[in-house]
Amino acid sequence: MRKKFLSTIAFAGAAALTMAGCSSDGDTEAPDDAANGGDTGGDTTEMITVGFAQTGAESGWRSANTEAMQAAFSEENGFELVFNAADNDPAAQISAVRNFINQGVDAIVIAPVVEDGWDDVLQEAQDADIPVILEDRTVTASEDLYAAWVGLDFKAEGVKAGEWVVDELAGDGPVRTVVLEGTTGSAPANDRAEGFNEAIDGSSVEIIDSQTGDFTRDGGRSVMEGYISNYGVDGIDLVYAHNDDMGLGAIEAIEAAGAVPGEDIKIVTIDAVKDGMQALVDGKINFIVECNPMLGEKAAELVKAVLNGEEVQQVNYVEDQSFTQEQAAEVIDERTY
Ligand code: GZL
């Protein structure tokens, strides 16, 4: 699939220099190779065709991640990107990967919607000698079936969120907590729950309900409406949302019920995208753990290294941080997503 083409810039440049060497005043010194008919064929550049199977467009984080991937896998960086967004549908995503295999792409990058169900299609990619790089979420399939993964430590994000809650909110009385879970079966939903539960274990933080909002704002709002109808705004002390978008939906539901988000009901979320950080600055969210979506450069570096036959690290973590309301106010204007 790799296409070779003359790097037109080098060729045109050499031709221009040759012309300059023949100019009337004779003053422009063209480089020797151009002046004496040297090789001006330029170098050939191989375009790498990459099939990218994105989860969908479910959240602000996903949009930032897609933009970062498209910027990294650009033509000027030597890539031809075949992009598919699966609308959060695991079956559609696996089908998209099968299409990439049939197209004979040079490499496949996947942000897997869910952890399970990947063994067969990853084996098919390996049988077709097409390397697979995972970005963002992980899978339960054997590491032998993909070349590398780049992303964030979701469990650590859940621990950070839980530790802040214990330090800032836990005391004698119970902290009655409702959870807005990410997409069922996804690595971030599983790991952020595990990390948070570990961190609150033995404290007065009490999870009274936990349902999925599928990482979307609408999902967060409708699940929060259900919680408010079941427990009343006075029956809930804290919302732990697995991403900003569901937290922003919860804010809408809390305000519609006449309560004050960030005060009557505290909110802790994960991602730190622009809208979430603004809500944090505005006092409607109390703490955010960042999940850095800028994974494109590392993913592109891994693809090129693997195709060049270089050894690569199987697990590649990207750093992230966390923000209180005061910290968010200091940095929000300089953030890029
Ligand atoms: C996390 C990513 C999650 C984000 C959500 O790396 O997979 O999916 O936290 C996004 O906002 O929808």
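Tyr337 counts as buried because its relative accessibility is 12%, where buried means under 20% relative accessible area with a 1.4 Å probe and protein chains only. The model is predicted, so local features need pLDDT of at least 70 and side-chain atom pairs count only at pLDDT 80 or more, while totals for chains, interfaces and linings use all residues. Residues are numbered from 1 along each chain as its sequence is written, and side-chain values use heavy atoms, with hydrogens and water left out.

**Surroundings of Tyr337**

Tyr337 lies in the segment after α12 (325–331); helices are DSSP runs of H or I with at least four residues, strands are runs of E with at least two, and both are numbered from the N terminus. Leaving aside residues up to four places away in sequence, Tyr337 touches Ala64, Ala272, Val273, Lys274, Glu290, Asn292, Pro293 and Met294 (contact means heavy atoms within 4.5 Å). Trp61 is 276 residues from Tyr337 in sequence, yet the C-alpha to C-alpha distance is 8.2 Å.

The side chain of Tyr337 makes polar contacts with those of Glu290, at 2.4 Å, and Arg335, at 3.4 Å. A polar contact is a pair of N or O atoms within 3.5 Å; within protein, one must be able to donate a hydrogen and the other to accept it, and residues adjacent in sequence count only if both atoms are side-chain atoms.

**Cavity and pocket**

On a 1 Å grid over the protein atoms alone, a cavity is a set of points where a 1.4 Å probe fits but cannot get out, and a pocket is an open set with protein on both sides within 12 Å along at least five of seven lines; lining residues have an atom within 4 Å of a point. The structure holds one cavity of 30 Å³ or more.

| Space | Volume | Lining by class |
|---|---|---|
| Largest cavity | About 100 Å³ | five nonpolar, two polar, six charged |
| Largest pocket | About 170 Å³ | seven nonpolar, one polar, four charged |

Of the 13 residues lining the largest cavity, Trp61, Arg62, Arg137, Arg192 and Asp271 lie nearest its centre. The elements giving two or more residues to this lining are α3 (60–72) and α7 (187–200). The largest cavity lies between domain 1 (33–152 + 292–321) and domain 2 (154–290), because both give residues to its lining.

The lining of the largest pocket includes Thr138, Glu143, Trp149, Asp191 and Tyr317. Here α6 (154–168) and β12 (315–317) are the elements that give two or more residues. Domain 1 and domain 2 both contribute to the lining of this pocket, so the pocket too lies between them.

Key:
Buried < 20%, exposed > 50% of the residue type's maximum accessible area, 1.4 Å probe, protein only. Points joined across faces, edges and corners; volume = space filled by probe spheres on them. Nonpolar A, V, L, I, M, F, W, Y, C, P; charged D, E, K, R; others polar. Domains from an automatic or database assignment.
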